[in-house]
Amino acid sequence: MIVYADNAATTRLSPVAKKAMMPYFDEIYGNPSSLHTHGQVAAQDLKKARDTIARCLNADPREIYFTSGGSEADNQALYSAATYGEKIGKKHIISTKFEHHAVLHVLKKLEKEGFEVTLLDVHKNGIVTADEVKKAIRDDTVIVSVMYANNEIGTIQPISDIGAVCHQKGVIFHTDAVQAVGHINVDVKAQGIDMLSLSGHKFHGPKGIGALYCRKGMQLRSLIDGGFQERGKRAGTENMPAIMGMAAALREACDDMEKNSAHVTKLRDKLIDGLLKIPNSILNGDRKSRLPGNVNMCFEGIEGESLLLFLNERGIEVSSGSACTSGSLDPSHVLLAIGLPHDIAHGSLRVSLCEYNTEEEIDFMIKEVPTVVAYLRDMSPVWDELQKGERTHVIQ
Amino acid sequence: MLYSEKVMEHFTNPRNVGKMDDADGVGEVGNAVCGDIMRMYIKVKGGIITDVKFNTFGCGSAIATSSIATEMIKGRSLDDALMLTNKAVVEALDGLPTHKIHCSVLAEEAVKAAIRDYYDRNGIAYDTKRFASKDAGCHIHDIDL
């Protein structure tokens, strides 16, 4: 059995999305900017895709800008706000400690350019409060950027409350909703969202495509200059197959959201309960305000990369926030942000489920994970010291 | 693939893994904060390492370097074992990704720490320079191959 449970990294293309993409490779191959028939057919379909995306977010189609993905959308949102802030003399930005690097690394750059950045604490439960956002807002704050749901621990942020606070204070509100869109209800109007980033391949659409929602009246700056595509805010011939695939995938995800969410939540809860039976294990992030498919746990005394590789040997494909899987020697900034000590953060496991996962797969994981954890603990000098009482347990 | 076949083979099938209650020397290096700890046990008879075991907390390459290092010193004289370098460990594994080189340094240092412990226990004098630490802390080590 091969269990793919790394859906927060990327998802399998849905058959519906795949079918929607196919004609745009060799049948409807026109450039939407061309005036001939092939071009105009493509332009019409591009409009339909934009309408679909807008409808799923409760936005106006003219507020949707296609990008190469979530990272580009995050970059464009933040750089646009920074340019605007520079113009009006507001150079303070608020975000959180556990944002995706597509946000954090942009903020690092902006800091070097003279912006002041406040990164809010996300507490042990992985949730920032609207009140803390409110308190952090200053006269010179230009934008608040808080992710909708965290990509590692799946915690859902109080987006509507934060949106309300930002509006009350006249500050732009951006949310990186890459993990949320297509999985939980997102309504940009009701939630007071000014800018939102999304990515196609996180909801069974294709890779290399995403979108930025930007409320009418906001100043958007182009990162790629050239032609007049995306109303002059993103040059380059539109990636038609990917756009059509993403729109089809999002429509499908939104239509089936209730059904999928119920199924995935049930699997998630079963897996969490099953894995918590492993001694000295914890669930990271709030259990209730959590994405339907996210399970993130730490097992004391073992290291995440070896856990991941052994699980892979047994046909279970998951992820870890261990240093070794990040290409650096520091464990995940998300796990450190929720207050886990380094040695515990090294031993994390992220399982991200989707509607294609089955109960049989959950049972398989509940059987295999404890075996691998026990094997690694048996090999671990840290576990040995914990057993002998030479080291104090952090996880009871 | 991140790792060579050799690394994966040692990782999935580690040699000489386990504890040794009657070890003649035990060395432990690394720390849990950095994400890897290696503990090496040796049994010595007439200046020869007759048995060796290891316990490791760490990533795939930490387990693989521990495993191959035990193979490389088993049956060898203490003097030979002290000549083991992290470079030799990396070569024996058909290479390691750059950010994993520090695991090979840990393996070399674990072997040395175990031998040093054996010397200390038995009151054998040694040249401390041979045990100079490469500071295998949370750093990314580079290697010339």
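**Group meeting: a two-chain predicted model**

Let me start with a helix. Helix α5 of chain B covers residues 101-121, which is 21 residues. From its first C-alpha to its last it reaches 31 Å, close to the 30 Å expected at 1.5 Å a residue. That expected span is 1.5 Å times one less than the number of residues. Helices here are DSSP runs of H or I with at least four residues, strands are runs of E with at least two, and both are numbered from the N terminus.

A word on the source. This is a predicted model, where local features need pLDDT of at least 70, side-chain atom pairs count only at pLDDT 80 or more, and totals for chains, interfaces and linings use all residues. Residues are numbered from 1 along each chain as its sequence is written, while chains are lettered from A and ligands numbered from 1 in the order in which they are written.

Back to α5(B). Of its 21 residues, 16 are buried, so this helix is largely enclosed by the rest of the structure. Buried means 20 or more other C-beta atoms within 10 Å of the residue's own; exposed means 12 or fewer; partly exposed is in between; C-beta atoms are placed from the backbone. After α5(B) comes B:Gly123, with a positive phi near 60 degrees.

Now chain A. It has 15 helices and 12 strands. Its radius of gyration is 22 Å, close to the 21 Å that the globule rule gives for 396 residues, so chain A is as compact as a globular protein of that length. The radius is taken over C-alpha atoms, and the rule is 2.2 Å times the number of residues to the power 0.38. Of the 396 residues, 54% count as buried.

Next, the sheet. Seven strands of chain A form an open sheet with mixed pairing, in the order β2-β8-β7-β6-β5-β3-β4. Two strands pair if DSSP finds at least two bridges between them. The edges are β2 (64-67) and β4 (116-120), each pairing on one side only.

A:Tyr65 has A:Leu212 as its bridge partner in β8(A). Which residues of β2(A) are buried on its two faces? A:Ile64 and A:Phe66 on one side, A:Tyr65 and A:Thr67 on the other.

Helix α5 of chain A, residues 101-112, lies across β3, β4, β5 and β6 of chain A, at about 155 degrees to β3(A). Axes are lines fitted to C-alpha atoms, for helices over the stretch in contact, and angles run from 0 to 180 degrees between N-to-C directions.

Last, the chain contact. How many residues does each chain give? Chain A gives 21 and chain B gives 21. Contact means C-beta atoms, placed from the backbone, within 7 Å. On the chain A side, α10, α11, α13 and α15 each supply at least two residues. The largest share, four residues, comes from α10(A). By type, the chain A side has nine nonpolar, seven polar and five charged residues. Nonpolar covers Ala, Val, Leu, Ile, Met, Phe, Trp, Tyr, Cys and Pro; charged covers Asp, Glu, Lys and Arg; the others, Gly among them, are polar.

How values were computed. Contact = placed C-beta atoms within 7 Å.
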